[in-house]
Amino acid sequence: MGEKPKSMSAKRNIIILVAVLVIVIVGAVIAVFALSSDKDGDIAEQLSLAERYLDEKNYEQAIIEFERALDIDPMNVDAYLGLAEAHVALGDTDEAIKVLEEGFDKTGDDSLKKMIGMLEAVQDNTAEHTTEAASTTTSTTTATAATTTITSTTTAATTTTAVTTVDVPEETEEQQEDATTEAVSTTVATTTTATTTIATTTTTAPEEAEVPEIEYTDASMFEYEYDAELDGMVITKYIGDAERVYIPDTIDGEPVTIIEFNAFSDCTSITYVNIPESVTVIGCSVFVGCTSLTEIDIPDSVTEIGSGAFYNCAALSEIYIPDSVTLIDEMVFSSCTSLTDINIPDSVTSIGWWAFDGCTALTDINIPDDVSSIDSSAFDGCENIRATYKGVTYTYDNINDLYTAING
């Protein structure tokens, strides 16, 4: 009888202990949830502030705010992308790449890796063209100097001839008559020869002009690999030198589905590219630096055009984007200085940063009503732009009003 109260007491203690543990666990869960909610609220507020400075082109302050956002959440991909964008805007591409590499190391996010590749391609292209420009300047200076020397020599020779001419005695009347007779004879002979030539030409049938054959690009002109997941071929590099390229729709019996990152970069001889209907993805920086490219056919099968795909295609004047594309990606047409005619299909809902940066010839462009997001740098440097959105036309002077109308 004396042990029963002890047993009851022990059970009661166990119940109390369990209750305490439940309360502690529930409290911890609530605390974690509260902290998480506060963190989410803080990061959202901080990102909003940073993006506002970015929209206002206050890039120095934007950098500070994005770095504060990363202090709150070191795994936030949007903060890394925004921070990189601000550094690029200030002309510090090296720092932007460093930021993106740090973000990729921490998060493993593919969008950061993609942006690293795109910026590196743009950086390499810019460096190459800077070197070419310096070389051209040197050549021009040398040529100018040579021309000046030649001109001076010619002038001296002319002066000498003038002096010599003064000492030539006047021709006698008989000599002048002989000279006149000789000149007339020469003229008659020349006329006779010309007449004979014409007669010969009329009796000879003209040769037919040769019609150039269309050069379809052989698979040997590409480097490629098979992607088992996609069950198709991925073109990784074009190694030919043709002006007109017709990408094959199959290689080794497999459909060509993707044109990979940098596949045609700096192919300056290319003027025309035909993409087959088997292709669904045009990767990042695919045609970067194709400065002679004037025309490209993109089929309706393409659903994705990567960032920087047509960066610095300076001769490209028009392009058709199929209505299967939903995103105009970052820097996709940046520095296309001859671009005057482009459609944005109704399927597009978002336009990325510097999408049309430096398209100085671009004038009238229609933005579909369903576009709900546009970066505030999308039309940087487009001084002649007339962008129409929901019936309202915006010029470069009030382009920020367009961004506000779309982003809200």
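I began with the term itself: on a 1 Å grid over the protein atoms alone, a pocket is an open set of points where a 1.4 Å probe fits, with protein on both sides within 12 Å along at least five of seven lines, and lining residues have an atom within 4 Å of a point. I noted that this is a predicted model, in which local features need pLDDT of at least 70, side-chain atom pairs count only at pLDDT 80 or more, and totals for chains, interfaces and linings use all residues. Residues are numbered from 1 along each chain as its sequence is written, and side-chain values use heavy atoms, with hydrogens and water left out.

**Second largest pocket.** I found 15 residues in its lining, with K114, E260, F261, G283 and C284 nearest the centre. Helix 5 (110-166) is the element that gives the most to this lining, namely 4 residues; helices (H or I, at least four residues) and strands (E, at least two) are DSSP runs, numbered from the N terminus.

**Largest pocket.** I then turned to the largest pocket, where 22 residues form the lining and E51, E85, W353, S373 and D375 come closest to the centre. Helix 1 supplies the largest share of that lining, 5 residues.

**Helix pair.** Last, I looked up helix 3 (residues 77-89) and helix 4 (residues 93-107), which pack at about 170 degrees with axes 8 Å apart; axes are lines fitted to C-alpha atoms, for helices over the stretch in contact (heavy atoms within 4.5 Å), and angles run from 0 to 180 degrees between N-to-C directions. Helix 3 is therefore roughly antiparallel to helix 4, a term for angles over 145 degrees. Among the residues making the contact are Y80 and L81 of helix 3 and V99 and L100 of helix 4.

How values were computed. Parallel < 35°, antiparallel > 145°, perpendicular 65-115°, else oblique.
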